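Hello,

Here is the structure I promised to pass on. My notes on it follow below.

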Amino acid sequence: MTVINRQDCVMDIKYRAGLVDEEHDYLLALTGKGNAPARCLKRANILLMSDNGQYQDQQVSASLNVVSVTIYRMKKWFVEEGLAAALK
């Protein structure tokens, strides 16, 4: 973690959402059925698009109509707490 500007406390932290095959398959099945809550589906799509840097955050943001902070939080939750916590 590096602090760019102490006054603004802007952090430059990069999280990579590297899904294992089972997690990737689970998220594909979850989004394919479409019967989960909308928030859960949006989070699943964020993780799928962010998998191994497949898309940049700006592309995910534009495609899913979410702000970059949401993408950052999702990847952070996934990396630090796991898939279940990220989809909660």
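A term to begin with: a residue is called buried under 20% relative accessible area, exposed over 50% and partly exposed in between, using a 1.4 Å probe and protein chains only. Please keep in mind that this is a predicted model, where local features need pLDDT of at least 70, side-chain atom pairs count only at pLDDT 80 or more, and totals for chains, interfaces and linings use all residues. Residues are numbered from 1 along each chain as its sequence is written, and side-chain values use heavy atoms, with hydrogens and water left out.

D51 sits in the loop between α2 and α3 (helices are DSSP runs of H or I, at least four residues, numbered from the N terminus). With 11% relative accessibility, D51 counts as buried. Beyond its neighbours within four places in sequence, D51 is in contact (heavy atoms within 4.5 Å) with A17, G18, L19 and H24.

Leaving out residues up to four places away in sequence, I46 touches V60, L64, V66, T70, I71 and M74.

Finally, the pairing of α2 with α3: K42, N45, I46, M49 and S50 in α2 meet Q59, V60, S63 and L64 in α3.

Best wishes

Key:
Helices (H or I, at least four residues) and strands (E, at least two) are DSSP runs, numbered from the N terminus.
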